Amino acid sequence: MNVYILDADVNKYRPIYYTNEDDIVEFKRQFDGTSMKGRWMAQERFAFVPRRLPKGDTPGLNTHIPVFSSKAVNVLADLLEPSGELLPITCSAESYFVFNVTRVIDALDEGNCELKLFDDGDIMDIVRFAFFPKRLEQTTVFKVPQCVLTDVFVTDPFVERVKAAGLKGFTFRLVWSSE
């Protein structure tokens, strides 16, 4: 089993940005692993960064919050739906989906991780990841409580589906392998 951090290739594909800089911090805090059903309204506060790059199927948002094209959602829906919520947004008059990961699994094996800690003992950064593989069985997309506002993790079935479908703009940084 391999675990990757999901990201977007903003060097080869055009990223998007949140246009209301005044509340970007509050926007990001909503993605804390809890459901937003009933309080999410389709957002029109996104625009493409004006760069001469092609549009990908996961335009980077620079917030650790995945964004997917309709094509990506069609290809990945069965892997995404058990792990979170697809929330509609409009970006430059085009429909996209922000993915709110609600599957938060206490799978980080802190005893075998290399951690940078704050003075109070809280985790500042995870230099080397380790996971409990049994806790990740049948999981394709997830977060861990130790970094619920940042990293989104995926496993091999997700990566394989993206590659097989030829989806553009995805990057996967391998952070742990059980082998």
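Strand β3 and strand β5 (residues 84-91) are joined by 2 bridges and run parallel, where helices (H or I, at least four residues) and strands (E, at least two) are DSSP runs, numbered from the N terminus. The structure is a predicted model, in which local features need pLDDT of at least 70 and side-chain atom pairs count only at pLDDT 80 or more, while totals for chains, interfaces and linings use all residues. Residues are numbered from 1 along each chain as its sequence is written, and side-chain values use heavy atoms, with hydrogens and water left out.

**Overall build**

- Read from the N terminus on, the elements follow the order β-β-α-β-β-α-β-β-β-β-β-β-α-β.
- The radius of gyration, taken over C-alpha atoms, is 16 Å, close to the 16 Å that the globule rule gives for 179 residues, so the protein is as compact as a globular protein of that length; the rule itself is 2.2 Å times the number of residues to the power 0.38.
- Along the principal axes, the C-alpha atoms fill a box of roughly 45 × 40 × 35 Å.
- Of the 179 residues, 46% count as buried, where buried means under 20% relative accessible area, exposed means over 50%, and partly exposed lies in between (1.4 Å probe, protein chains only).
- Among the contacts (heavy atoms within 4.5 Å) with a separation of 6 or more, 69% come from residues 24 or more positions apart.

- A93 lies in the loop between β5 and β6, has a positive phi of about 65° although it is not a glycine, and is exposed, with a relative accessible area of 75%.

- An open sheet of 4 strands has the order β9-β10-β1-β11, with antiparallel pairing.
- At the edges stand β9 (141-142) and β11 (170-177), each with a single partner strand, so one side of each is left without a neighbour in the sheet.
- Strands β1 and β11 run antiparallel and are joined by 7 bridges, and N2 stands opposite S177 in β11.
- Helix α3 lies across β1, β9, β10 (153-155) and β11, and runs at about 80° to β10; axes are lines fitted to C-alpha atoms, for helices over the stretch in contact, and angles run from 0 to 180 degrees between N-to-C directions.

**The largest nonpolar core**

- A nonpolar core is a set of buried Ala, Val, Leu, Ile, Met, Phe, Trp, Tyr and Cys residues joined through side-chain atoms within 4.5 Å, and of the 18 residues in the largest one, F68, L76, V141, F158 and F170 touch the most other members.
- At least two residues of this core come from each of β1 (2-8), α2 (70-80), β6 (94-101) and α3 (156-165), and α2 gives the most, with 5 residues.
- Leaving aside neighbours within four places in sequence, F170 is in contact with several residues, including L6, F68, L76, F158 and V162.

**Single residues to look up**

- S69 is placed in strand β4 (residues 67-69) and counts as buried at 8% relative accessibility.
- The side chains of S69 and D57 are joined by a polar contact of 2.9 Å, which is a pair of N or O atoms within 3.5 Å; within protein, one must be able to donate a hydrogen and the other to accept it, and residues adjacent in sequence count only if both atoms are side-chain atoms.
- V49 is found in the loop between β3 (43-48) and β4, and touches R14, P15, I16 and Y17, not counting residues up to four places away in sequence.
- Q138 lies in the loop between β8 (123-128) and β9, has a positive phi near 70° in a residue other than glycine, and counts as exposed at 78% relative accessibility.

Methods
Pairing = 2+ DSSP bridges.
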